[in-house]
Amino acid sequence: MTNAAPMRTQRTGFQNIAQVPSDALLREIAPPLVPGEDPRRKLLMFSGSRQDAAQLAVGVAKSHWLDAIRQGVVEATTASTVSVLAYERQVQNVPLADAERTLADRLGPTRTTRAQALQGSGC
């Protein structure tokens with residue numbers, strides 16, 4: 001009878017553990033000079049074997065890419081939500097700041113279905 005704990009297989013891999021400190025180190029020792037990736041920024045990690053090093057490099061690169069995708073989705077969702085709320089306030093004739101007015105003005109022509117729904121909802 002085996003006593004394999006099901007939680008043992010649900011552990012964080014070495015690559016995930018290495019990614020968090022590497023992100024923090026890059027932010028601290030070499031903050032980017034311009035928005036986006038600065039090609040001069042490098043980080044060297046050591047591993048006990050070539051195979052582990054190769055897996056670590058691929059895993060960290062993939063995780064960075066997935067994190068960038070997640071961040072983009074969150075930012076786009078947030079911007080869309082803010083635009084809808086600004087447009088709703090505009091429909092209600094609530095005074096808007098310049099930035100809110102710009103967002104609300106952009107929503108009407110680009111998202112006609114949402115804009116019509118907000119106008120027709122009796123906001």
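S22 is buried, with a relative accessible area of 5%; on this scale, buried means under 20% relative accessible area, exposed over 50%, and partly exposed in between, using a 1.4 Å probe and protein chains only. Bear in mind that this is a predicted model: local features need pLDDT of at least 70, side-chain atom pairs count only at pLDDT 80 or more, and totals for chains, interfaces and linings use all residues. Residues are numbered from 1 along each chain as its sequence is written, and side-chain values use heavy atoms, with hydrogens and water left out.

S22 belongs to helix α1, residues 14-29. Helices here are DSSP runs (H or I, at least four residues), numbered from the N terminus. The S22 side chain reaches the backbone oxygen of Q19 at 2.7 Å, which falls under the polar contact rule: a pair of N or O atoms within 3.5 Å, where within protein one must be able to donate a hydrogen and the other to accept it, and residues adjacent in sequence count only if both atoms are side-chain atoms. Leaving aside residues up to four places away in sequence, S22 touches L43, M45 and H64, with contact meaning heavy atoms within 4.5 Å.

Over in helix α2 there's another serine, S63. At 14% relative accessibility, S63 is buried too. With residues up to four places away in sequence again left out, S63 touches Q15, N16 and Q19.

Both serines turn up where the two helices meet: F14, Q15, N16, A18, Q19, S22 and D23 in α1 face L56, G59, V60, S63, H64 and D67 in α2. Two packed helices are described by the angle between their axes and the distance between the axes. For α1 and α2, the axes come within 9 Å and cross at roughly 65°; axes are lines fitted to C-alpha atoms, for helices over the stretch in contact, and angles run from 0 to 180 degrees between N-to-C directions. The crossing of α1 and α2 is right-handed, in other words the near helix is turned clockwise from the far one by less than a right angle.

Now for the charges. How many salt bridges are there? The count is three, taking a salt bridge as a side-chain nitrogen of Lys or Arg within 4 Å of a carboxyl oxygen of Asp or Glu.

| Pair | N to O distance |
|---|---|
| D67 and R70 | 2.6 Å |
| E100 and R89 | 2.7 Å |
| D98 and R101 | 2.8 Å |

D67 and R70 are three residues apart in helix α2, so about one helical turn separates them. D98 and R101 are likewise three residues apart, about one helical turn, in helix α3. E100 lies in α3 and R89 in α2, so that pair ties together parts that are 11 residues apart in sequence. As for exposure, D98 is exposed at 59%, while R101 is partly exposed at 35%. E100 is partly exposed at 25%, and R89 is partly exposed at 31%.

Last up, the core. The largest nonpolar core has six residues, V84, A86, Y87, L96, A104 and L107; such a core is a set of buried Ala, Val, Leu, Ile, Met, Phe, Trp, Tyr and Cys residues joined through side-chain atoms within 4.5 Å. The elements giving two or more residues to this core are α2 (50-91) and α3 (98-110), with α2 giving the most, three residues.
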